[in-house]
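Please open the model in your viewer and keep the selection panel at hand. The stops below say what to select and what is there.

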Amino acid sequence: MAVETNDIEWVVACAASEIAEEDVIRFDYAGASYAVYRIAEGFFASDGWCTHERAHLADGFVLAREIECPLHQGRFDIPTGKPKSPPVCVHLKTYPVRVEGGEVLLGVPAQAQAAS
Amino acid sequence: MSSTPDASGSDAAKPGLTDPTLDERIGQQWYQPRIPRAVLKELMKRSDAEGLRNFVPWLLLLVASSVVAALSWGTWWAVPAFFVYGTIYSSSDARWHELAHGTPFKTRWLNDAFYHLSSFMTIREGYWWRWSHARHHTHTYFQGRDPEIQVARPTQVFPIIVDFFGLLGSSLEIRKIVRHAFGRVDAATDAFLPATEKPKMIWSCRIYLLVVIFTIGLAITFRSFLPLMFVWTPRFYGGWLHQLLGLTQHAGLAVNVKDHRLNTRTVYINPVYRFLYLNMNYHLEHHLLPMVPFHALPRLHEVIKDQLPPAYPGLYAAYREMVPALWKQRSEPGHVIERKVPVENGPHGSFATQSGI
C-alpha cells in the first residue's frame, strides 16, 4: 500500500506486532533500504546503511534509544539520527513513521516511487 | 587485536597489494553465521554485573599483587612477585580491546572509564586505537589494509620473540605517544582519525606523558626504581601471556579472504587465562559478531560451533600447527594454514532475513 502526500509517500513497512520492543527490522523499498525501530518512545525509521561503512543497521543492536552498528559499534540516536559514538560521525537520515490499524507506515521520498 | 606489528615497512612484501582481485574481494560481504535473531539479541545484552564480576576481581588482584611486590622489593621474592603483578597488569591489553568495542558494561561511563584506564596501562592511546581497531575489523587480515596484522610475511622471527617482552610493539607505541603529545601527527593517522578526535588524542597523549614523568619524578626523589616497576614497565616484563595468547588469533592463517573462519582461530584455554584474557580465545566468534560481550562468547560458541572449523583443543595444538607454518612462511609467504569449513545445508545470509530460524 502506498499513499502519496506532497513529496512524501507513505508505505506499509510491517505490522506493528512484527517488531519487538527495543528492536529493529530491515525494510527495502524502491531500491532503498531502511531500518525500522521500535523503542519505548514509539516507532522510528532511518536509512538502513550505517554512514560510516557498509553495514546494515538492522543487523545491529538497539540500546534504549540508540542503535549500535554491527560492524564497528558506532551508535546513533534513533529519533534524531545524531551520531553518538565513534567511529560514526556523519548524521543518519531519519524518516517519519506513523502507526495506523496495527501497521507501521514509513514516509519515504516520493521520488522513490519513480525510481522503482 | 594486534600483537607483533609489521616492522618491515615494506609494501613490496605484501602480496595483497599486487593481487588484481583484492579490491573485488574486499567489496564482497563477510561470511555471517546463521543464528536466530532472538538468540542473538539475548547474547548481545550488556550487563554491568557481568562486567564488574570480572573487572573488580582483576583490580583487587592487581592491587594485592602490587602490595606483595612492593613489600618484596630488595629480595629475590620480588622476581616471582613482579612476574605475577606484570602478568595481571598486562591483562589490561585484553581489557582495552573489549572496552574499545563498548561491550563489557551496559553503563557507558563505566565502559569509558575502564577503557581509558586500560588504554593507558597497556600503552595504547585510547582515541587513536579505537579508530585503528575499527579498521582491523573491517579488513581483518587483508594485507595493506589491516593495520593490526600480527605477523609480517615473509615471517620475521625476531619481532615475534622480542614482543614476548613488548620490546617492539610497546616501544613503537611510546614513540608514537611522544610524537602525538607534541602535535606531530603523521599522514596515516590523519587518514583515519576524524579531525574532531585529533585534539582529544593529542591531549590524551600529554596526560599519559605527565603521569609517566610524575612517576619518574617519584623514582628520582626516592632514589629507587621501584615506582617505575608499576607503570608501563609491566607491559615489558609481564607481557609474555598476552603475546602467547594473542599470537593464536590469526597468525599463519589465510590472508585476503572475507571469511573469518579461514583467518581467525578459537582455542580452548584454562579458566585462569580466560579470566585474564576476557574470553578472547573465542576469537573467531568475536570477529563474526563483535557486538557480543566477552562473557557471552562461550555461549555464542556453543550456538554456532557446528558452522565453524573445529576449535583448537589447547595452546599446544595451536602452536604445533602455527609455528611450522610461520617458519615456512619465511621462504614461502603464500603458504597458509588451511582451515576446514563445515559443509552447510543452506546459503549464508544476514541476521535480519533469518528471523524465522
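**First stop: Leu106(A)**

Select Leu106(A), which, not counting residues up to four places away in sequence, touches Val11(A), Ala13(A), Phe27(A), Tyr34(A), Val36(A), Ala45(A), Tyr95(A) and Val97(A); two residues are in contact if their C-beta atoms, placed from the backbone, lie within 7 Å. This is a predicted model, in which local features need pLDDT of at least 70 and side-chain atom pairs count only at pLDDT 80 or more, while totals for chains, interfaces and linings use all residues. Residues are numbered from 1 along each chain as its sequence is written, and chains are lettered from A and ligands numbered from 1 in the order in which they are written.

**The nonpolar cores**

Now select Val24(A), Ala35(A), Val36(A) and Tyr37(A) together with Leu106(A): of the 52 residues in the largest nonpolar core, these touch the most other members. A nonpolar core is a set of buried Ala, Val, Leu, Ile, Met, Phe, Trp, Tyr and Cys residues joined through C-beta atoms within 7 Å, where buried means that 20 or more other C-beta atoms lie within 10 Å of a residue's own. Strand 4 (residues 32-39) of chain A gives the most to this core, with five residues; strands (E, at least two residues) and helices (H or I, at least four) are DSSP runs, numbered from the N terminus. A second, separate core of 24 residues includes Phe55(B), Ala81(B), Tyr85(B) and Met121(B).

**Strands of chain A**

Colour the open sheet of four strands in chain A, whose order is 3-4-5-10 with antiparallel pairing; strands pair if DSSP finds at least two bridges between them. Strand 3 and strand 10 (94-95) of chain A are at the edges with a single partner strand each, so one side of each is left without a neighbour in the sheet. Seven bridges join the antiparallel strands 3 and 4 of chain A, and Val24(A) has Tyr37(A) in strand 4 as its bridge partner.

Move to strand 11 (residues 97-100) and strand 12 (residues 103-109) of chain A, which run antiparallel and are joined by four bridges. Val97(A) stands opposite Leu106(A), and in the turn of this hairpin, which has two residues between its strands, Gly101(A) has a positive phi of about 55°.

**Across to chain B**

Select the contacts between the chains: 17 residues of chain A meet 17 residues of chain B. Strand 3 (residues 23-29) of chain A supplies the largest share of the chain A side, three residues.

Finish at His287(B), found in helix 16 (residues 283-288) of chain B. His287(B) is buried, with 22 other C-beta atoms within 10 Å.

Note on methods: A residue is buried if 20 or more other C-beta atoms lie within 10 Å of its own, exposed if 12 or fewer, and partly exposed in between; C-beta atoms are placed from the backbone.
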